[in-house]
2 protein chains.
Amino acid sequence: MASDKDYVLDDQVGFLMRRATQRHLGIFGSQITDLTPTQFAALAKLCEIGEVSQNALGRATAMDAATIKGVVDRLRKKGFISDAPDPTDQRRLLLKPTASAWENYDALVGAAHQISSDTLDPLTEGEQAIFLMLLRKLI
Amino acid sequence: MASDKDYVLDDQVGFLMRRATQRHLGIFGSQITDLTPTQFAALAKLCEIGEVSQNALGRATAMDAATIKGVVDRLRKKGFISDAPDPTDQRRLLLKPTASAWENYDALVGAAHQISSDTLDPLTEGEQAIFLMLLRKLI
DNA sequence: TCAAGATTGTTTGTACGCAAACGGATTTTG
DNA sequence: CAAAATCCGTTTGCGTACAAACAATCTTGA
């Protein structure tokens, strides 16, 4: 008989979440190729907020200071972020989306919705709502 | 009024899964410090299987060939994996857990169970079962 | 049988993701 | 007001993760 101590990797929540994330990233990559999911998240938040410091954008997108720096660097290289020193705080780098950022964001929002929809497609609508509700409790 | 096209990052399944995974990795790191979650997954599978080629271990743990190579290299450096060429297939590297691997695995299984339990702790037992069931459908 | 195709392990390059440390700027507090 | 604490952006180092390419080795099919 199975002991309480049995450990089946494939039944562990961490392993299942990693695999579900892998599938989601595959869906994302097949529909949006110019930006990574992380870059799109930062772009979306930046367009949502409008003007924000680098670290604050990181907090808003759940990326630490080291991670958001690399993401912002790559978005700037793509021409999606312009920055200027904050006149009221000399430590801060004030980020703003460029016109090109808005164009790309607007063009990609539909695909982004589709990606979320495709990710949840194996579930019924009711299950999707339950899943998202439970997922929110695990943050 | 909100348009159908509104995109709220914080409501997207990908973003929520990333944050839930972050929380889980934090819980893991606070209870198991000698091994990363990925390394523990590979170790657990290796102990479960017993003897397996490197790429096959990667498939069993949802890691591609490049990723599993690095993980195996680090586990070997820690003394948890011994390898030998497969006599029946000269391409294959046959991996086996060392005695030290078994000792460490046995010693850590309890913590691993606790990590899964802590990760799901915000949910009731019924919710946990539902969440895992839905998560499995999203793989 | 033997050429075509697949698989094994490897390397390189890019991109998160986090810990830790750092100097400089700002805020808090004693 | 000055010291302590905090926050800002940066760098380094390590560990996933995956794409793409590669040589060596099997396997298959005509």
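## Symmetry of the two chains

Chain A can be laid on chain B by a turn of 180° and a shift of 0.0 Å along the axis, with an RMSD of 0.0 Å; such copies are superposed by least squares on the C-alpha atoms of residues with pLDDT of at least 70 in both. The two copies are thus related as by a two-fold rotation axis. In chain A, the C-alpha of Phe131(A) is the nearest to this axis, at 3.2 Å. Of the interface residues of chain A, 100% are also interface residues in chain B, so the copies meet through the same surface.

This is a predicted model, in which local features need pLDDT of at least 70 and side-chain atom pairs count only at pLDDT 80 or more, while totals for chains, interfaces and linings use all residues. Residues are numbered from 1 along each chain as its sequence is written, chains are lettered from A and ligands numbered from 1 in the order in which they are written, and side-chain values use heavy atoms, with hydrogens and water left out.

## Aromatic pairs

A pair of aromatic rings is described by the distance of the centres and the angle of the planes. Rings of Phe, Tyr and Trp (its six-membered ring) pair if their centres lie within 6.5 Å; planes under 30 degrees apart count as stacked, over 60 as edge-to-face and the rest as tilted. A search of the whole structure finds nine aromatic pairs over all chains. In one of them, the ring centres of Phe131(A) and Phe131(B) are 5.4 Å apart and the planes are at 5°, so the pair is stacked. This pair crosses between chains, from helix α6 (residues 125-137) of chain A to helix α6 (residues 125-137) of chain B; helices (H or I, at least four residues) and strands (E, at least two) are DSSP runs, numbered from the N terminus. Both Phe131(A) and Phe131(B) are buried, where buried means under 20% relative accessible area, exposed over 50%, and partly exposed in between (1.4 Å probe, protein chains only).

Trp102(B) and Tyr105(B) form an edge-to-face pair, with 6.3 Å from centre to centre and 75° between the planes. Because they are three residues apart in helix α5 (residues 99-120) of chain B, about one helical turn separates Trp102(B) and Tyr105(B). Trp102(B) is partly exposed, with a relative accessible area of 35%, whereas Tyr105(B) is buried, at 9%.

## A buried threonine

Thr119(B) lies in helix α5 of chain B and is buried, with a relative accessible area of 1%. Leaving aside neighbours within four places in sequence, Thr119(B) is in contact (heavy atoms within 4.5 Å) with Val13(A), Met17(A), Leu138(A), Arg23(B), His24(B) and Ile27(B).

## The surface near DNA strand D

DNA strand D is surrounded by 23 residues, the closest being Asn55(A), Arg91(A), Thr36(B), Gln39(B) and Gln90(B); a residue is near a strand if one of its heavy atoms lies within 4 Å of it. Sugar and phosphate account for 74% of the atoms of DNA strand D that come within 4 Å of the protein. The largest share of this surface, four residues, comes from α4(B).

Phosphate oxygens of DNA strand D are found 2.4 Å from a polar backbone atom of Gln90(B) and 2.8 Å from a polar backbone atom of Leu93(A). For Arg18(A), an N or O atom in the side chain is 3.3 Å from a phosphate oxygen of DNA strand D.

Methods. A polar contact is a pair of N or O atoms within 3.5 Å; within protein, one must be able to donate a hydrogen and the other to accept it, and residues adjacent in sequence count only if both atoms are side-chain atoms.
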